[in-house]
Structures are given as structure tokens and as C-alpha cells.
Amino acid sequence: MKRKPAANGSAARRRASTAIRRIDAPPRLPMRGHGLSDVEFRQKVPTVWWEPKLEYGWDAGEAIGRFLAGLKEGKIYGVRCRTCGRTVTPPRAFCELDFKPMDEWVTLPTTGTVNTFSVCYITWDMKPLRKPQIPAVIEIDGTTPRVGFLHLLGGVSGSTVEAVRKQVQVGMPVRAVWKPLREREGAITDILYFAPVKAKGRRA
Ligand SMILES: [Zn+2]
């Protein structure tokens with residue numbers, strides 16, 4: 001029996017690869033372009049210039065939103081966890097220890113104690129200060145210890161560290177000093193600062 005010639009696929013592939021090799025590479029053309037400055041680009045290339053007016057809003061959320069609204073009224077709100085019993089401010093939606101909702105709201109006193117403080121002769125944006133700022137962590141009365149928030153101490157005279165340290169100590173009682181009611185806007189800065197509470201019959 002005469003053998004039928006097999007479909008010669010390998011020969012076809014060989015021809016195709018030979019054909020590919022025979023194509024000459026395109027001639028190298030010299031690069032004739034040049035860079036454009038920003039001004040040249042605007043003059044020579046059709047462009048559209050559009051400056052969008054975009055406004056952004058930030059939602060403080062239910063817990064902080066209610067806290068900020070309280071500040072506008074001169075109140076410091078906190079929340080209590082029904083599981084572990086902690087009371088914290090600023091309020092939060094859930095307890096970070098047991099992940100249960102913190103939905104029992106309480107009105108706290110506007111007094112507290114100094115947890116820690118610092119004497120700063122430079123602003124957050126690197127401007128020198130002659131009279132220092134005194135950022136401090138304040139633990140609001142009625143809250144669980146060590147859940148205070150950062151604010152400023154004020155009503156302290158003198159500009160040296162020694163003068164400040166004579167008037168400010170960790171654990172000393174302070175009270176919130178508020179902006180006038182008409183100037184409040186529902187912000188943490190509605191409290192201007194916390195001032196030392198001078199005990200009756202005792203020199204502060
Ligand atoms: Zn809890």
C-alpha cells in the first residue's frame with residue numbers, strides 16, 4: 001500500500017519563519033522633535049483649561065457629631081459601655097475593648113485633671129513662641145481614668161518652663177474655659193483652654 005504523505009505542518013512553519021526573517025527592518029529615522037516648555041505647550045498645542053470648583057464635606061459621624069453639638073451648648077458628652085462599665089469622652093460608637101456599642105450617653109462635668117502636659121515654644125507649623133503653649137491630656141471628671149483628650153492649658157502666667165512648672169502639675173484640677181456662646185461653632189476649640197482650679201484657702 002502506498003503511503004499517503006502526511007500534512008506537512010512543520011514545512012509550513014519553516015516557510016513562515018523564513019518569510020518573517022526576510023522582512024527588512026525599517027530604516028532608522030532621525031528624531032527631529034524637541035521638548036516644549038509649559039508656555040510653549042499652551043501656545044502650540046490645543047488645550048482646554050478648566051478649574052473645577054469642588055467643595056468637600058466631612059461627616060463627623062454620630063458619636064463625634066453629637067459631642068461637637070454638645071460643645072456648642074457648653075456641655076461635654078460622654079458614653080458608657082454597658083459591658084465593661086467604662087465611661088469615655090470623646091464618645092465613640094463602640095467600645096474598643098469588647099466591641100459592644102457604646103450607646104448610653106452621659107453629660108459630664110466640665111472639669112477634670114491633668115494627665116500629662118508639655119511646654120512648647122514652637123507652634124505646630126514651626127513658628128517660634130515667646131509665651132509657650134501648654135498642650136495637655138485632660139481626664140474629664142466622671143470618666144474612667146486614662147481616657148482623656150488633648151487640649152490646651154491656659155490661665156498660666158509667666159513664660160519660662162520654671163514659671164509654668166510652679167503652676168501646673170500632673171493630677172491638678174482644671175476647668176474648661178469656653179468661648180462666648182455666640183462665637184461657638186460646634187468644634188473642640190469652643191473650649192478655649194482648661195485653666196487651673198484654685199482651691200479655696202490655698203495659693204495656686
Ligand atoms: Zn466596654
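A residue is counted as buried if 20 or more other C-beta atoms lie within 10 Å of its own, and as exposed if 12 or fewer do. The legends below apply these terms to a predicted model.

**Figure 1. Confidence along the predicted protein chain**. The mean pLDDT of the protein chain is 87, and 86% of the residues score at least 70. Confidence is lowest in helix α1 (residues 9–22), where the mean is 58. The highest value, 98, belongs to strand β8 (residues 173–178).

**Figure 2. Helix α3 and its two faces**. Helix α3 spans residues 61–72 and has 12 residues. From the first C-alpha to the last, α3 reaches 16 Å, close to the 16 Å expected at 1.5 Å a residue. Phe67, Gly70 and Leu71 are buried in this helix. Viewed down the axis of α3, the buried residues fall within an arc of 105°, so they line one face of the helix. An α-helix has 3.6 residues a turn, so residues three or four places apart point the same way. The buried residues of α3 pack against β1 and β9 (191–196). Gly61 and Glu62, both exposed, are carried on the face turned away from the buried side of α3. After α3 comes Gly74, with a positive phi near 80°.

**Figure 3. The open sheet β2-β1-β3**. In this open sheet, 3 strands are arranged in the order β2-β1-β3 with antiparallel pairing. Strands β2 (87–88) and β3 (104–108) are the edge strands, each pairing on one side only. Strand β1 (residues 76–80) is joined to β3 by 5 bridges, and the two run antiparallel.

**Figure 4. The loop between β2 and β3**. Pro90 lies in this loop, and a cis peptide bond with omega of about 0° joins Thr89 to Pro90. Phe99 is also placed in the loop between β2 and β3. The phi of Phe99 is near 60°, a positive value in a residue other than glycine. Most residues other than glycine have a negative phi, and most peptide bonds are trans. Phe99 has 8 other C-beta atoms within 10 Å and is therefore exposed, since the cut-off for exposed residues is 12 or fewer.

**Figure 5. Arg146 in the loop between β6 and β7**. Arg146 is not a glycine, yet its phi is positive, at about 65°. Because 8 C-beta neighbours lie inside 10 Å, Arg146 counts as exposed.

Key
Residues are numbered from 1 along each chain as its sequence is written. This is a predicted model: local features need pLDDT of at least 70, side-chain atom pairs count only at pLDDT 80 or more; totals for chains, interfaces and linings use all residues. pLDDT is the predictor's confidence in each residue, from 0 to 100. Helices (H or I, at least four residues) and strands (E, at least two) are DSSP runs, numbered from the N terminus. Two strands pair if DSSP finds at least two bridges between them. The expected span of a helix is 1.5 Å times one less than its number of residues. The arc is that of the directions from the helix axis to the C-beta atoms. Two residues are in contact if their C-beta atoms, placed from the backbone, lie within 7 Å.
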